[in-house]
Amino acid sequence: MRTFVHSSRSSRVVFGFGTVDRLREEVGRLGCSRVLLLFSRVPADASARVREALGDLVVAEFDGAVMHTPVEVTEQALAVLRDASADCLVAVGGGSTTGLSKALALRTDLPQVILPTTYAGSEVTPVLGETRDGRKVTQSSAAILPETVVYDVNFSSTLPLGLSVTSGVNALAHAVEALYSAESNPLTDQQALDAISRIARALPRLADDPADPAARADLLHAAWLAGTCLATVGMGLHHKLCHTLGGSFDLPHAETHTVVLPHAMAYNAPAVPEVMRRIADALGAADAPSGVHDLVTSLGGPTSLRDLGMPESGLARAAELAAATPYPNPREVTAEGVAALLSDAWHGRRPTGGPAPAGDPLALLTDQVVASFAEAPDPRVRVLLTDLVRRLHGFVKDNDLTDSEWQYAIDFLTRTGQISGPTRQEFVLLSDTLGVSSAVDLLTNSRTPETTPSAVLGPFYVEGPPETALGNDISGGLPGSPLWVDVRILDTAGKPVEDAVVDVWQSNEDGFYDVQLPDLDGPVLRARLRSDGEGRITFWSILPSAYPIPDDGPVGQMLAAVGRHPYRAPHLHFMIDAAGHRRLITQLFVAGGDYLDSDTVFGVKDALVVDFTPHTGPTPDGRRIDGEWRRLDYTFHIAPLAG
Ligand code: BEZ
Ligand code: FE
C-alpha cells in the first residue's frame, strides 16, 4: 500500500479537432466580452481562423511574446491591454505566448483562455518564469493558472517536425520526472506513463507524415497529461539543469530539454531502477535513458549541448550552479556527478544507465574504456567504438563468459585470419553466415520499390573479369545444362541504360568457382559485358547449381556446431555499373532450386527468385543444342545517382 497526497487545481479543457470554433463560447462562459489576443509565430491562416472565431470580441492584439518572458515585453503588452480595456486574455502559440498571458494575468487577475500550438504543457500549470535584468525568477500562484485551455489538434499540425520532436521531448521530460518525484501518486503515475507511451509512439509516425492527424492528437493529448503532471508534482535534476542552462547560458528551451533528458535519466537510473523499468516499458525500449536517446537520434533531434552553442568551458560552472542549492531528486546531486552528466550531454554520447553505481567494478571498467574514446577526433569513430565496447562488455557480463570461452573465441578469430588470403576471405564468410552482410546490405541498399533489390557480393568476385562480346559463351566448355541469359538494364523511369558494365560470375555444375579450382585454366564462368542500345546483354552459360560455401575452416566448424548446413541456393551474380547510376550488386536465384528458404548466408529475396525456364528445340541465336536448355529473362532497374 502506498501512502500519498494528491492535490490539484485544474483548468477547464476543451480538446478535439476544430475546437477553435468554441473560443467565442468559452470566452462567454467566463463572463467576458473584450479580448486581448496574444499571438506569436502563428501561421497567418491560423491567426485568421482565431480572429474569425472570436469575431467582434477582439478589442486588441499583441504579437511580441519572446522566450523567457522578459518583464519589459510584459509591460508593453500591459499598456495595450489597459488602452483597450480588455477583460480577457486569449493566447495562441507556444510556451512564450502562454508565459506572456500568465504574466499579464498575474498583474491584472484577468481570466485566460489558451490555445496551445506546441507541446510545452505550461498552459495547465500555475507556474510563471519571468526574466528581469537577465535573471530568471519563477513563481507559482492561482492567478497564473489559465482558466480554460482549448486544444485544437489542427493548430499543432503544422508545427515543423524538428520543433515537434523537441517540444514532444520537453513534454516527455515532465512525465519522466513526475514518475520519480517525491510527490508522485498513483494518478500522476498513470498520466505520466500514458503521456510517455503516446509520445514514443506518435513522434516516429510524424517522421513519415508530419500532418498525421492521429499522431498529432496523441501528442497534444500527451502534452496535456504531461503538463498536468508538471502542475501537480515537483520536478527534479533534469528541470533544474535545463533551468540553469537556459538562464545562465541562454540555450534554447525545448532543445536543451531534448539533449539533457537521456543523461539526467541515466544519472538518476541507479536510484530508481523500478521507475526506469516502467518508463522503458512505456517507451517500448529495453532501457529508458538510451531509449529516449535513440528515439531523438532516429528523428534527427539534437543530442549534444555543443551543437546548441554551449561552450565546453562553461560545463564546470553549470555543474556547480546546478549542485549549489539542494533540491529533491532521487539520487544525490553532486557537482562531480553533474559535471560527468553534462560532459556526456555536451559530447552527445549515448547513455546506458548512468555512471557506474559504486561497487560494480565491471561497470566502472566499461566506463573507463568508454571514457578513453572521448577525445577521438572523428565523432563517428567514437560513437561506434563506444557502442561496440559497451555491447562486448555486456555480452561478457550477461553470459558470464569464462576464461576458456574467451580463449576459444580469440583462437577462432586467429584461425579465421590465418586461413584468409588473396583467394579466401573467411571474415567475409563469417559476416555472411551470421547475417551481418545481409543486415548491412538491407540498411545501406534499401531501395525504392522501383529498383531491383541488391544482394551480398560474396567472396568469389574477382576484379576485372574477361571482357566478352554479347552472345558469347562464358562457360569455357564446362559441363552443365546450357543457359541462355537475356537481361535488360533500365533506369527507374523505364529508359534503357546503354553501355552499362555488367560483371557476371557463377559456380560450375559441381558448385565450385574457378578460383577454388587451381588446376582449371581460368578464368571461366565469369565475364564483363556491356549493354547495347536497348540496355540488353545476352550470353550463354550453364545452369548454376546449389553449392556449399567453403566449410573446411572456422566458419564450417561454427555451422557444424549449431547444426546448420553450408549450402547456398543456386544463383547467378551480377554487378552493374553505369555512368550516372548507383552500382547494383545482386544475384538471381533459380526458382524451385534447393535451399531457397535456408540459404546459409541469408541472401535470398523474393524479387530475385526467377524462372530459368526449360526449353528444347531451336535456340535464340541458332546454336544447335540436343536436348534441354534453359533461358533466363530478367529486367534490372537501377537508380540514378542522388543529387
Ligand atoms: C557467393 O554467393 O558467392 C557467396 C556469398 C556469401 C558467402 C559465400 C559465397
Ligand atoms: Fe555465389
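Biologist: Hi! Leaving aside its neighbours within four places in sequence, which residues is Arg34 in contact with?

Modeller: Arg34 is in contact with Leu57, Val59, Ala84, Ser85, Ala86, Asp87 and Cys88, once neighbours within four places in sequence are set aside. Do keep in mind that this is a predicted model.

Biologist: Noted. Where does Arg34 lie?

Modeller: Arg34 is in the loop between α1 (23-29) and β2 (35-39). With a relative accessibility of 35%, Arg34 counts as partly exposed.

Biologist: And what separates the C-alpha atoms of Arg34 and Ala60?

Modeller: Those C-alpha atoms are separated by 8.4 Å, while Arg34 and Ala60 are 26 residues apart along the chain.

Biologist: Okay, backbone next. What is phi of His68?

Modeller: Phi of His68 is near 70 degrees, which is a positive value in a residue other than glycine. His68 has its place in the loop between β3 (58-62) and α3 (71-83).

Biologist: Is His68 buried or exposed?

Modeller: His68 counts as buried, because its relative accessibility is 16% and the cut-off for buried is under 20%.

Biologist: What about Thr69, what phi does that one have?

Modeller: Thr69 has a positive phi of about 45 degrees, and Thr69 is not a glycine either. Thr69 also lies in the loop between β3 and α3, and it is buried, with a relative accessible area of 6%.

Biologist: Let's zoom out. Which domains is the protein divided into?

Modeller: The division gives domain 1 (1-158), domain 2 (159-353), domain 3 (361-398) and domain 4 (436-638). The C-alpha centres of domain 2 and domain 4 lie 51 Å apart.

Biologist: How many residues are in the largest nonpolar core?

Modeller: The largest nonpolar core has 51 residues, and those with the most contacts inside it are Val176, Ile196, Leu203, Leu261, Met265, Met276 and Ile279. Two or more residues come from each of β8 (148-152), α6 (161-179), α7 (186-208), α8 (213-232), α10 (253-268), α11 (273-283) and α12 (288-298). At least three residues of this core are drawn from each of domain 1 and domain 2.

Biologist: What span should helix α9 have?

Modeller: Helix α9 (residues 237-249) has 13 residues and should span 18 Å at 1.5 Å a residue. Its end C-alpha atoms are 17 Å apart, which agrees. Just after α9, Asp250 takes a positive phi of about 55 degrees.

Biologist: Switching to rings: how many aromatic pairs are there?

Modeller: The count comes to 9 aromatic pairs. In one of them, the ring centres of Phe15 and Tyr151 are 5.7 Å apart and the planes are at 45 degrees, so the pair is tilted. Phe15 lies in strand β1 (residues 12-16) and Tyr151 in strand β8, so the pair ties together parts that are 136 residues apart in sequence.

Biologist: Are those two buried or exposed?

Modeller: Phe15 counts as partly exposed, at 33% relative accessibility, whereas Tyr151 is buried, with a relative accessible area of 0%.

Biologist: What about the rings of Phe460 and Tyr513?

Modeller: Their centres are 4.4 Å apart with the planes at 20 degrees, so that pair is stacked. Phe460 is in the loop between α19 (436-444) and β9 (482-491), and Tyr513 is in the loop between β10 (501-505) and β11 (526-530), so the pair ties together parts that are 53 residues apart in sequence.

Biologist: Last one: which ring does the charged end of Arg306 sit over?

Modeller: The charged end of Arg306 sits over the ring of Trp346, 4.8 Å from its centre. Arg623 lies over the face of Trp540, at 4.6 Å from the ring centre.

Technical notes. Residues numbered from 1 in each chain as written. Chains lettered and ligands numbered in written order. Predicted model: local features only at pLDDT ≥ 70, side-chain atom pairs only at ≥ 80, totals over all residues. Heavy atoms only, no water. Core = buried A, V, L, I, M, F, W, Y, C linked by side-chain atoms within 4.5 Å. Buried < 20%, exposed > 50% of the residue type's maximum accessible area, 1.4 Å probe, protein only. Helix = DSSP H or I, 4+ residues; strand = E, 2+ residues; numbered from the N terminus. Domains from an automatic or database assignment. Phe/Tyr/Trp six-rings, centres within 6.5 Å; stacked < 30°, edge-to-face > 60°. Lys NZ or Arg CZ within 6 Å of the ring centre and 35° of its normal. Expected span 1.5 Å × (residues − 1). Contact = heavy atoms within 4.5 Å.
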